[in-house]
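Subject: Handover of a structure and summary of findings

Dear colleague,

Please find below the structure that I am handing over to you. I would be grateful if you could read the notes that follow with the structure open beside them.

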Amino acid sequence: MTRLPSRDLRRDLYAAAAAALLFAAAALVGTAVEHRDGTLFVNWPPLLADWGPHAGPGTAAALVVAVAVVAYGPPLAARLPWRGLLLAVWGAGTAWTFSLALVDGWHRGIARRLTTRYEYLQVIDRFDDIPAALRGFTDHILLGSPDHWPAHVAGHPPAAPLTFVYLDRIGLGGGAWAGVWCIVVGATAALAILVTVRALAAERLARRAAPFLVLAPGAVWLGTSADGYFAAVAAWAVALLALAVTGRRPLWTGLASGLLFGLTVYLSYGLTLYVVIAAAVLFLGSARVRPLLFAGAGFLVVPAVFTALGFHWWEAYDLLVTRYHQGAGGTRPGAYWVWANLACQVLVVGLATAAGLPRTGVVLLRRPGAAEVRLAVLVGAALLAMLVADLSGMSKAETERIWLPFALWLLPSCAYLTAPRAWLTAQAALALLVNHLLWTGW
């Protein structure tokens with residue numbers, strides 16, 4: 001007699017199916033809107049991508065990494081020493097991201113990603129005099145201004161392009177080094193998330209989430225995107241704050257957290273919404289006042305330096321809003337993207353996370369255990385930050401890349417799932433299909 005799946009497993013499958021249907025609806029409706037009006041400015045709605053089945057030098061490596069993590073990831077995550085687990089997650093996650101990027105080939109997948117006309121490496125020579133460039137940064141944000149910045153430079157505070165300026169100055173110039181930097185640093189975001197989950201919830205939950213952070217489908221866009229680097233900086237800001245509020249050297253971890261939070265908001269305007277995740281950390285932490293003072297002191301450093309050098313964050317953001325509406329953002333229909341943005345995340349976080357998120361809601365309602373509830377609060381805060389970004393109207397399309405810093409925090413919800421190998425297989429298969437069937441871009 002065939003054994004029926006448990007009620008919880010059926011609910012997981014229903015949630016995954018609903019997520020798949022959401023993406024299918026966004027694809028069908030988006031294709032119709034784009035053919036009719038041409039207002040979405042994406043060739044394969046709801047993603048910024050082009051259809052093009054292909055394979056590359058990373059195909060075999062990606063398959064090997066996927067099979068290895070599915071087969072050995074859960075048992076190794078359960079028994080490795082904690083530091084060994086972090087090292088294994090970083091190594092496997094880096095290999096996974098590199099191999100997916102190399103499916104598109106070295107030049108298209110890594111070396112040329114950050115050298116297009118929209119990207120940061122186009123303006124390296126304009127920062128020969130950094131103080132002068134910062135003083136005049138806002139003069140080049142609007143379209144029509146003299147030598148206006150490329151889209152990604154105009155759309156971010158100057159710490160983003162300055163990262164690549166300094167890489168160039170220490171001899172790591174060009175698209176290849178920039179791509180390697182984003183992948184290697186971006187892969188550490190998983191470690192920061194695990195450190196946070198362990199500090200605020202429980203080590204056992206972090207260990208159960210670890211393989212899912214390795215085989216994140218979002219690695220398709222982490223390699224190679226500056227948003228992966230931004231995600232890592234922001235994640236470590238949260239991790240250090242979690243350590244500070246739980247009593248781990250609150251002076252140094254608090255100060256370091258504040259410094260990274262300050263850097264975060266000067267890497268991306270949208271990452272100010274990390275205040276929601278930070279608030280969840282403070283809520284869950286036991287020692288709040290002293291670490292918050294240290295973190296606040298650290299946070300002031302980066303804004304003080306940039307302001308002293310002549311860059312004014314609020315003035316630049318106000319101009320960015322105008323620039324956003326001068327371009328495709330002013331034409332893309334909000335009524336479509338307000339839900340299609342969420343459909344994009346199905347491919348970023350995967351069907352396993354789609355199943356894990358309803359379980360997160362159930363945990364919050366039923367409160368089965370303190371550690372599980374704490375993890376649910378953390379995941380819920382990241383989801384709330386993402387929803388606020390969605391409703392802001394400043395995130396129309398390309399959220400498969402832009403929301404990476406928030407989406408990665410949803411993956412620990414997979415710790416609630418049973419049958420981890422089956423769900424890891426689904427995660428890996430989704431990433432491989434996306435990377436081999438579509439030419440993704442940004």
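The notes below cover pockets, cavities, salt bridges and one surface patch.

Please bear in mind throughout that this is a predicted model.

The largest pocket has a volume of about 1200 Å³. Its lining is made up of 43 residues, and Ala151, Gly155, Tyr324, Glu398 and Ile402 are the ones nearest the centre. Two or more lining residues come from each of helix H6 (151-154), helix H12 (226-245), helix H17 (313-326), helix H19 (370-391), helix H20 (399-402) and helix H21 (404-407). Of these elements, H17 provides the largest share, with 5 residues. Sorted by class, the lining of the largest pocket contains 25 nonpolar, 11 polar and 7 charged residues.

The second largest pocket has a volume of about 420 Å³. It is lined by 20 residues, with Phe261, Val265, Thr272, Val275 and Phe299 nearest its centre. The elements giving two or more residues to this lining are H13, helix H14 (274-284), helix H15 (289-299) and H17. H14 gives the most, namely 5 residues. In this second lining, 17 residues are nonpolar, 3 are polar and none is charged.

Cavities

By class, the lining of the largest cavity has 10 nonpolar and 3 polar residues, with no charged ones.

Salt bridges

Side chains of opposite charge can pair when their charged atoms come close. The structure holds 10 salt bridges.

One of them joins Asp12 to Arg359, with the closest N and O atoms 2.8 Å apart. This pair connects distant parts of the chain, since Asp12 belongs to helix H1 (residues 7-37) and Arg359 to helix H18 (residues 334-366), 347 residues apart. Are the two partners buried or exposed? Asp12 counts as buried because its relative accessibility is 2%, and Arg359 counts as buried because its value is 16%.

Glu203 takes part in two of the bridges described here. With Arg198, the closest N and O atoms are 2.9 Å apart; with Arg207, they are 2.8 Å apart. Arg207 and Glu203 are 4 residues apart in helix H10, so about one helical turn separates them. Glu203 is partly exposed, at a relative accessible area of 28%, and Arg198 is also partly exposed, at 34%. Arg207, at 12% relative accessibility, counts as buried.

Surface patch

On the surface, Leu259, Val301, Val305 and Leu309 form a nonpolar patch, and their accessible area together is about 290 Å². Leu259 is located in helix H13 (residues 250-265). Its relative accessibility is 39%, and Leu259 therefore counts as partly exposed.

Yours sincerely,

A colleague

How values were computed. Residues numbered from 1 in each chain as written. Predicted model: local features only at pLDDT ≥ 70, side-chain atom pairs only at ≥ 80, totals over all residues. Heavy atoms only, no water. Patch = residues over 30% accessible without salt bridge, like charges linked within 9 Å, V, L, I, M, F, W, Y side chains within 5 Å. Areas by Shrake-Rupley, 256 points an atom, 1.4 Å probe, with all protein chains shown as cover. Salt bridge = Lys/Arg side-chain N within 4 Å of Asp/Glu carboxyl O. Buried < 20%, exposed > 50% of the residue type's maximum accessible area, 1.4 Å probe, protein only. Nonpolar A, V, L, I, M, F, W, Y, C, P; charged D, E, K, R; others polar. 1 Å grid on protein atoms, 1.4 Å probe; cavity = no way out; pocket = protein on both sides within 12 Å on 5 of 7 lines; lining within 4 Å. Points joined across faces, edges and corners; volume = space filled by probe spheres on them.
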